[in-house]
Amino acid sequence: MRNRQRLVAAARQAFVELGPEVSLETVARRAGVGTTTLYRHFPSKEEMVEAVLDELIQPVQENAERAEQVADPHEAFRFVFAQGCTMPEEDVLAFARLAAASARAERYANALVVRVVRGVTERLREAGGLRPDLTAEDIAMFVRMADAADSREHRIKATEILLAGITRVAPHEAREAP
């Protein structure tokens, strides 16, 4: 297990520094293991990319699980949707870059984001706060669109605009409006 963790850490660093086209041999060398050990844990580069995507999204998944405890479904949804604005710039860029590495990586990354947003999306829909024609898959696409912005400030702006377009005003907010 320790070699696997070293490989994932080395792959993450190598992918950030050199891009997803970095060789597996470079990753093995950086991890201080032989290629046989690398291939025992990751028979293909695709599997290594998926492991790094899993690691990158882990804090986001943990935040989404905490958001499930937030009483207001609008606040829980907003929190999960806007997480990309609070992620370190390097992680946002690494996730996007790895997701674009191949069709398989893109499908895998999208499935990870869908898993993160599904609970709060369904909860908000049940509360009447989400356009009824939107699915968790749609929300995942919007999250990835916002995260693709070129800076934290642009991600915040894109997130706010997307949230305004996909959510419905909560009853208490409608009463407070002038």
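User: By class, how many nonpolar, polar and charged residues does the lining of the largest pocket have?

Analyst: In this predicted model, where local features need pLDDT of at least 70, side-chain atom pairs count only at pLDDT 80 or more, and totals for chains, interfaces and linings use all residues, the lining has 14 nonpolar, two polar and two charged residues. Residues are numbered from 1 along each chain as its sequence is written, and side-chain values use heavy atoms, with hydrogens and water left out. Ala, Val, Leu, Ile, Met, Phe, Trp, Tyr, Cys and Pro count as nonpolar, Asp, Glu, Lys and Arg as charged, and the others, Gly among them, as polar.

User: Which residues lie nearest the centre of the largest pocket, and which helices each supply at least two residues of its lining?

Analyst: Of the 18 lining residues, Phe95, Val113, Val143, Arg144 and Asp147 lie nearest the centre. Helices H4 (45-67), H5, H6 (83-86), H7 (89-99), H8 and H9 (136-147) each supply at least two residues of the lining.

User: Why are H5 and H8 called roughly antiparallel to each other?

Analyst: Helix H5 (residues 73-81) and helix H8 (residues 103-126) pack at about 155°, with axes 9 Å apart. Angles under 35 degrees count as roughly parallel, over 145 as roughly antiparallel, 65 to 115 as roughly perpendicular and the rest as oblique, so H5 and H8 are roughly antiparallel. In this contact (heavy atoms within 4.5 Å), Pro73, His74, Ala76, Phe77 and Val80 of H5 join Val116, Val117, Val120, Thr121, Arg123 and Leu124 of H8. These residues divide into eight nonpolar, two polar and one charged.

User: What makes H4 roughly antiparallel to H5?

Analyst: The two helices pack at an angle of about 175°, with their axes 9 Å apart, and that angle makes H4 roughly antiparallel to H5. Asn63, Ala64 and Ala67 of H4 meet Ala76, Phe79 and Val80 of H5, and this contact divides into five nonpolar residues, one polar and no charged.

User: What makes H9 roughly antiparallel to H10?

Analyst: The axes of H9 and helix H10 (residues 152-166) come within 8 Å and cross at roughly 155°, which makes H9 roughly antiparallel to H10. Ile139, Phe142, Ala146 and Asp147 of H9 meet Arg155, Ala158, Thr159, Leu162 and Ile166 of H10, a contact that by class has six nonpolar, one polar and two charged residues.

Notes:
Axes fitted to C-alpha atoms, helices over the stretch in contact; angles between N-to-C directions. Helix = DSSP H or I, 4+ residues; strand = E, 2+ residues; numbered from the N terminus. 1 Å grid on protein atoms, 1.4 Å probe; cavity = no way out; pocket = protein on both sides within 12 Å on 5 of 7 lines; lining within 4 Å.
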